[in-house]
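Please look over the sequence and the model below before reading on.

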Amino acid sequence: MPPEPRTRSKHFEAKFYNLRATLDCGQAFRWLEHNDTWTGVIHGQWIQISNRQSGILVETTASSPKWDLIAGYFRFTEDIESITKAFPDDEHMTRAVSAYRGLRLLRQDPWECLASFILSSTKQIRHIRQIISKIAKHHGEEIPSLPGHDPAFTFPGPETLAKLSENALRELGMGYRAPYLRQTAQTIAAGKISLSEIGKLPYPKAKALLQQFAGVGPKIADCVLLFAYGKQQAFPIDVWVKRAINELYFAGQKPNKGTLENFAQTYFQPNSGYAQQYLFHYIRMMHTKGPQSNSPSSNL
DNA sequence: GCCCTACCTCTAAC
DNA sequence: AGTTAGAGGTAGG
């Protein structure tokens, strides 16, 4: 038996951090929960994370943990209360905030985030997770996890995926998204578009550049801008958010595309990106559990 | 520009 | 238990 890997741990102060809402609701696809403890891999490091009094405990098997990157990923220092307080003062946002108190945005690795959302089109979250897990298992590097946990793998870089055939990607179950992912990986591996440069651009230019990648349209570009680059102007409009705006703000009369986009861009400022996440979860809950269901019982 | 459809595969709902 | 619609869209007509 190999010796149990040593772990390093660190406590972070963080007021209102709802791990379930943050890690399990479709902005990231690699987190697993067991007894209120979450495990995942970020920046090549296996992480275990759980709520503690007055904060968050992070443990990792990495031999020299990159705490800065870990803290950056979780955005521990973000003042979520003042962000949600600046939301529009209407009944829907008020309900969304109370149902999902402690929901945070993450700051993910741009490549993994981009690849994940290329795979997300017309897919249920469950299946997206499945595909991403397969990619890591088959083409990532194994890294140590703790006993009792599944083997852990890094998410392979663009150079690795660029070398795979379309068929090898299709074998992972991604269907017609395979050529998109392959081409995007090749574009990055060839240095034609730099992901770190995109982060330095203002929102409109960054969005336009992201849309040059195969399989990336306005929605996926906005997801990456919000979940990886932290651009608050990004407001991904998917079927759920569109449904939410139609139902809650236009009384069910569908506004045309321009009206809806304009509303999305202006009404929720200045924290539109955060507002989008709360709205997304709120409308999904309304549809899956019924409008009566009001369960704010998240662990804070 | 705007609308339409094809696209893979799997899950959830009959 | 088998069948089918629909799923955090995008590209190309």
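**Reading the surfaces around the DNA**

By class, the surface near DNA strand B is made up of 1 nonpolar, 5 polar and 4 charged residues, where Ala, Val, Leu, Ile, Met, Phe, Trp, Tyr, Cys and Pro count as nonpolar, Asp, Glu, Lys and Arg as charged, and the others, Gly among them, as polar. A residue is called near a molecule or strand if one of its heavy atoms lies within 4 Å of it. This is a predicted model, in which local features need pLDDT of at least 70 and side-chain atom pairs count only at pLDDT 80 or more, while totals for chains, interfaces and linings use all residues. Residues are numbered from 1 along each chain as its sequence is written, chains are lettered from A and ligands numbered from 1 in the order in which they are written, and side-chain values use heavy atoms, with hydrogens and water left out.

The residues that surround DNA strand B are Lys123, Gln124, Arg126, His127, Gln130, Arg170, Gly173, Gly175, Tyr176 and Arg177. Helix α6, residues 125-139, supplies the largest share of this surface, with 3 residues; helices (H or I, at least four residues) and strands (E, at least two) are DSSP runs, numbered from the N terminus. Of the atoms of DNA strand B within 4 Å of the protein, 71% belong to sugar or phosphate, and the rest belong to bases.

Several polar contacts can be picked out here, a polar contact being a pair of N or O atoms within 3.5 Å; within protein, one must be able to donate a hydrogen and the other to accept it, and residues adjacent in sequence count only if both atoms are side-chain atoms. Arg177 reaches a base instead, with a polar side-chain atom 2.8 Å from a base oxygen of DNA strand B.

Turn now to the other strand. DNA strand C is surrounded by 26 residues, of which the closest are Gly26, Gln124, Gly217, Asp238 and Phe280. Sugar and phosphate account for 56% of the atoms of DNA strand C that come within 4 Å of the protein. The residues of this surface divide into 11 nonpolar, 10 polar and 5 charged.

Backbone atoms of the protein take part in contacts with DNA strand C. The elements that give two or more residues to the surface near DNA strand C are α12 (218-227), α13 (239-249) and α15 (272-289), and α15 gives the most, with 4 residues.

What caps the N-terminal end of α13? Asp238 does so, with a side-chain oxygen 2.6 Å from the backbone nitrogen of Trp240. Trp240 is also one of the buried residues of α13, together with Val241, Ala244, Ile245, Asn246, Leu248 and Tyr249; buried means under 20% relative accessible area, exposed over 50%, and partly exposed in between (1.4 Å probe, protein chains only). Just after α13, Ala251 takes a positive phi of about 50 degrees.

In the loop between β1 (8-13) and α1 (19-23) sits Asn18, which counts as buried because its relative accessibility is 2%. A polar atom of the Asn18 side chain lies 3.2 Å from the backbone nitrogen of Arg20, and the side chain of Asn18 also reaches the backbone nitrogen of Ala21 at 3.1 Å. In the loop between β6 (142-143) and β7 (152-153) lies Ser145, whose side chain reaches the backbone oxygen of Asp150 at 3.1 Å.

Finally, consider the chain as a whole. Chain A has 15 helices and 7 strands, and 51% of its 300 residues count as buried. A compact globule of 300 residues would have a radius of gyration near 19 Å, and chain A agrees with this because its own value is 19 Å; the radius is taken over C-alpha atoms, and the globule rule is 2.2 Å times the number of residues to the power 0.38.
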